[in-house]
Amino acid sequence: MGIHRLNHAVLYVSDLDRSVAFYRDVLGFRLVPMTPKGFSGAAFLQAPGSTNDHDLGLFALGAQARPSTAGRTTVGLYHLAWEVDTLDELAETARRLTAADALVGASDHGTTKSLYGRDPDGLEFEIVWLVPADRLDDAALAARTRIGRLDLSAEIARYGGTTRGGVGISVPV
């Protein structure tokens, strides 16, 4: 058995409509009409540019749901990471997350350039651009052992805003 990528994620949320609006309006996900008839409280979304059946499932628990304590007092998932194709897309995502007051961090991991966001229920996610395999150098590889401050303008100047990320790594050559 060879697992080669995450197919989809399912999250429990308190308010389904609010969460659908966030993932649609801020991150560009599209609602996929595949909720089984007679079943309420769920929504399925597809990421922009995805060829997947769906990338995200949302199941509503209702307003009585308490926030997740994963990583603070219980074990659990910290975050999921979605990949964008270009640094221009990463910059646009940063603007959208900032406008939604949902950007909680930005990091340079050497081979990846990452934004961290939080959805309306406080669940964290990462949006990442991967340095293409043919652009990896010793400095980028060495920087994987630290977490640096992301200077998105400098990265765009270095790699170009429209350079496709992940080529040779997550995108076949």
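Tutor: Strands E6 and E9 pair in the antiparallel sense over two bridges; two strands are said to pair if DSSP finds at least two bridges between them. Asp108 has Gly148 in E9 as its bridge partner. Strands here are DSSP runs of E with at least two residues, helices are runs of H or I with at least four, and both are numbered from the N terminus. This is a predicted model, in which local features need pLDDT of at least 70 and side-chain atom pairs count only at pLDDT 80 or more, while totals for chains, interfaces and linings use all residues. Residues are numbered from 1 along each chain as its sequence is written, and side-chain values use heavy atoms, with hydrogens and water left out.

E6 (residues 103–108) also pairs with E7 (residues 112–118), in the antiparallel sense and over five bridges. Along this pairing, Leu103 stands opposite Gly117, Gly105 opposite Tyr116 and Ala106 opposite Leu115. The two strands form a hairpin with three residues between them, and Gly110 in the turn has a positive phi of about 80°.

E7 continues the pattern with E8, to which it is joined by seven bridges in an antiparallel arrangement. Tyr116 takes part here too: its bridge partner in E8 is Glu126. E7 and E8 likewise form a hairpin, with five residues between them and with Gly122 in the turn at a positive phi of about 85°. E7 is mostly covered, six of its seven residues being buried; buried means under 20% relative accessible area, exposed over 50%, and partly exposed in between, for a 1.4 Å probe and protein chains only.

These pairings belong to an open sheet of five strands in the order E5-E8-E7-E6-E9, with mixed pairing. E5 and E9 (148–149) are the edge strands, each pairing on one side only.

The whole structure holds ten aromatic pairs, a pair being two rings of Phe, Tyr or Trp (its six-membered ring) with centres within 6.5 Å, where planes under 30 degrees apart count as stacked, over 60 as edge-to-face and the rest as tilted. The rings of Phe29 and Trp82 have centres 5.3 Å apart and planes at 70°, so this pair is edge-to-face. Phe29 lies in the loop between helix H1 (16–25) and strand E2 (30–32), and Trp82 in E5 (residues 79–83), so their pair ties together parts that are 53 residues apart in sequence. Phe29 counts as buried at 4% relative accessibility, and Trp82 is also buried, at 16%. Trp82 has a further partner in Phe125: the ring centres are 5.9 Å apart and the planes are at 50°, so that pair is tilted. It links distant parts of the chain, Trp82 in E5 and Phe125 in E8 (residues 124–130), 43 residues apart. Phe125 is buried, with a relative accessible area of 1%.

Through ring pairs, Phe22, Tyr23, Phe29, Trp82 and Phe125 are linked into a cluster. Phe22 and Tyr23 are among the buried residues of H1, together with Leu16, Ser19 and Val20. Seen down the axis of H1, these buried residues fall within an arc of 160°, so they line one face of the helix; the arc is that of the directions from the helix axis to the C-beta atoms. An α-helix has 3.6 residues a turn, so residues three or four places apart point the same way.
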